[in-house]
Amino acid sequence: MKADALRGHLDGLLLATLDGKRLHGYAIIEALQQRSGGAVSLPTGTVYPALRRLERAGYVRSEWSTVGGRQRRTYSLTQSGMRTLNDERRAWREFTAAIDGVLGARTASVG
């Protein structure tokens, strides 16, 4: 998938991946790959700065925990993050419906 196609949707993708879960950064990257059927593969240099930005905004919180015998920072949604995720989902449905109206159906030509 082209990186440009994800522009503007990274926050929503990360928040959705954390919905109901507490994951460390690499697990978030793996979950994105798995849930997208391999189409979304983001480098750590994209994901970690975005997670820090989302944390500063109050949408996610992080804490250190032991995962597989190693200390890792795990991330989870805050209440504000859940509200933002719901807003992102609503905006996505509106966007895809509008685009599908143009690209999805072939209409009879006028004239």
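**Close-up 1. Crossing of helices α2 and α3 in the predicted model.** Helix α2, formed by residues 10-18, and helix α3, formed by residues 25-35, have axes that come within 10 Å and cross at roughly 100 degrees. Because angles of 65 to 115 degrees count as roughly perpendicular, α2 and α3 are described as roughly perpendicular to each other.

**Close-up 2. Residues at the contact of α2 with α3.** From α2, the residues Leu-13, Leu-14, Ala-16, Thr-17 and Leu-18 take part, and they meet Ile-28, Ala-31, Leu-32 and Arg-35 in α3. Sorted by class, this contact of α2 with α3 comprises 7 nonpolar, 1 polar and 1 charged residues.

**Close-up 3. The aromatic pair of Trp-92 and Phe-95.** A search of the whole structure finds 1 aromatic pair. The ring centres of Trp-92 and Phe-95 are 5.6 Å apart and the ring planes lie at 35 degrees, so the pair is tilted. Both residues belong to helix α5, which covers residues 79-104, and, being 3 residues apart there, Trp-92 and Phe-95 are separated by about one helical turn.

**Close-up 4. The annotated span, residues 14-86.** According to an unreviewed UniProt entry, residues 14-86 carry the annotation "domain: Transcription regulator PadR N-terminal". In the model, the end C-alpha atoms of this span lie 13 Å apart, and the span is 51% helix and 25% strand.

**Close-up 5. Confidence along the protein chain.** The protein chain averages a pLDDT of 90, and 92% of the residues score at least 70. Confidence is highest in α2, at a mean of 96, and lowest in helix α1, residues 3-6, at a mean of 68.

Definitions and conventions
Residues are numbered from 1 along each chain as its sequence is written. This is a predicted model: local features need pLDDT of at least 70, side-chain atom pairs count only at pLDDT 80 or more; totals for chains, interfaces and linings use all residues. Side-chain values use heavy atoms; hydrogens and water are left out. Axes are lines fitted to C-alpha atoms, for helices over the stretch in contact, and angles run from 0 to 180 degrees between N-to-C directions. Helices (H or I, at least four residues) and strands (E, at least two) are DSSP runs, numbered from the N terminus. Angles under 35 degrees count as roughly parallel, over 145 as roughly antiparallel, 65 to 115 as roughly perpendicular and the rest as oblique. Contact means heavy atoms within 4.5 Å. Ala, Val, Leu, Ile, Met, Phe, Trp, Tyr, Cys and Pro count as nonpolar, Asp, Glu, Lys and Arg as charged, and the others, Gly among them, as polar. UniProt positions are given in the numbering used here, feature names are shortened, and annotations may be inferred rather than shown by experiment. pLDDT is the predictor's confidence in each residue, from 0 to 100. Rings of Phe, Tyr and Trp (its six-membered ring) pair if their centres lie within 6.5 Å; planes under 30 degrees apart count as stacked, over 60 as edge-to-face and the rest as tilted.
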